[in-house]
Amino acid sequence: MANLHNVFMEYNNGVIRLSDAKRQELIAVRDGLRGRIMAGHFEHDKTAGSYDKLEFQSQGSFVTDLIINPIRRDYDLDDGVYLIGNLASDRRPAPEDYHKMVIAAIGGDYDGIEEVIDKQTCIRVGYKDGFHIDLPIYYAENMECPDLANRLLGWVMSNAVEFIAWFEEKAQSGFKKGFLTESTLFSEYERWITDIRKRDIQIRRLVRYFKSWGDLRREEMPCGLIMTILCVNNYYQHERDDIALKETLVLVEAALRKSFRCDRPTSPVGEDLLRGYKNKDAFLRYLAQFIENAKQALLEADPQKACKYWQNSLGDRFPCHFAPTYHRPASVTTSVLAAGAAGSRPWLQ
């Protein structure tokens, strides 16, 4: 059975995991957008005076380090816009007004921005380089209980920090929700980012593998949030990533065959995120193919041949050039003959 743990590590570290340089590049773009919003947000008539200050908070896979380098290089960042105030929901301007305020603050003289889209739950800022930043807007008196500005549903309680805390608890990383809501813990948060989170662990790697597989057929696959929940809820730990991934896939499939649903672990708890998903049959078919390729790879003795099975599911970016050369063990007959020849001393007869 070929051991391709090291090839998976190369795939993670050199291909799909966000490098420090790329992370800093995205942070620079994000901070530039924050600066535009911060400079112009007070100028909107309908929302002026309805909140005391504006803050930002990174969300999602960028914080948990589950973001991957997508094949198309169209990175997806989530950056929450928090309006801190004490008005009850029925006394605030409408969510649509805050959406318009953020769009106006971004301005029309776009610097590298291709388009600004007003979506139901966020403002999407698309850049000419191909990636985008989603800006969900929250109103909060207490950062623990923010309301999301949903253009169609109104004010909806939603706390993105809860999902980060849920994942990090599963990862046993020592993360605290206060890192993102309490300024007094900022220095501790900085140490967590640069020390603990940077030390990669298997559960993060497996989520990236799962998401990178989904990236190949993005239009048919569930979103990254669903892929993360499915992987975490069915995580199988093993010292080797190739075995851990295969066993996790088997558990994911078994769970979905039993009940095709994915329950949100945070508010609103129990919401089925797969409700309304239209590609169930295709997803289960691709998943079964992935599992079959994984099984064949683990049965194959030749690492380079085994790697091709993984590549069938993970694509050409999976680095098979790191797979070691196979050295076929000598057969029993050859070994016996070799031992006999070595022991023969005809000159002594």
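The stops run from the whole chain to individual side chains.

**Before selecting anything**

This is a predicted model, in which local features need pLDDT of at least 70 and side-chain atom pairs count only at pLDDT 80 or more, while totals for chains, interfaces and linings use all residues. Residues are numbered from 1 along each chain as its sequence is written, and side-chain values use heavy atoms, with hydrogens and water left out.

**The whole chain**

Display the protein chain as a cartoon. It has 13 helices and eight strands; these are DSSP runs, numbered from the N terminus, with helices being H or I of at least four residues and strands being E of at least two. Along the principal axes, the C-alpha atoms fill a box of roughly 110 × 40 × 35 Å.

Now display the surface. The accessible surface of the protein chain is about 17700 Å², and 49% of that belongs to carbon and sulfur atoms; the areas come from the Shrake-Rupley method with a 1.4 Å probe, and for residues only the protein chains shown count as cover. Of the 349 residues, 49% count as buried. Buried means under 20% relative accessible area, exposed means over 50%, and partly exposed lies in between (1.4 Å probe, protein chains only).

Contact here means heavy atoms within 4.5 Å. Among contacts in the protein chain between residues at least 6 apart in sequence, 66% join residues at least 24 apart.

Select cysteine 307 and cysteine 320. A disulfide joins cysteine 307 to cysteine 320, with an S to S distance of 2.3 Å; the term denotes a pair of cysteine sulfur atoms within 2.5 Å. The pair links distant parts of the chain, with cysteine 307 in helix α12 (residues 303-314) and cysteine 320, 13 residues apart from it, in the loop between α12 and α13 (332-343). The link is left-handed, with -100° about the S-S bond. Both cysteine 307 and cysteine 320 are buried. A search of the whole structure finds one disulfide.

Is cysteine 231 buried or exposed? Cysteine 231 counts as buried because its relative accessibility is 2%, whereas cysteine 223, at 44%, counts as partly exposed.

**Asparagine 69**

Move to asparagine 69, in the loop between α3 (61-64) and β2 (76-84). Asparagine 69 counts as buried, at 7% relative accessibility. Leaving aside neighbours within four places in sequence, asparagine 69 is in contact with residues including Lys22, Tyr75 and Arg317.

**Aromatic rings**

Show the side chains of Phe, Tyr and Trp. Rings (the six-membered ring for Trp) pair if their centres lie within 6.5 Å; planes under 30 degrees apart count as stacked, over 60 as edge-to-face and the rest as tilted. By this rule the count comes to 24 aromatic pairs. One of them is edge-to-face: tyrosine 139 and tryptophan 155, at 6.1 Å centre to centre and 70° between the planes. This pair links distant parts of the chain, with tyrosine 139 in strand β6 (residues 137-140) and tryptophan 155 in strand β8 (residues 154-157), 16 residues apart. Tyrosine 139 counts as buried at 1% relative accessibility, and tryptophan 155 is buried at 18%.Phenylalanine 175 and phenylalanine 179 form another edge-to-face pair, 5.5 Å centre to centre with 90° between the planes; both residues are buried.

**Charges over rings**

A charge sits over a ring if NZ of Lys or CZ of Arg is within 6 Å of the ring centre and within 35 degrees of the ring normal. The charged end of arginine 23 sits over the ring of phenylalanine 62, 4.4 Å from its centre.

**Last stop: serine 158**

Select serine 158, in the loop between β8 and α5 (160-171). Not counting residues up to four places away in sequence, serine 158 touches Tyr138, Pro146 and Leu148.
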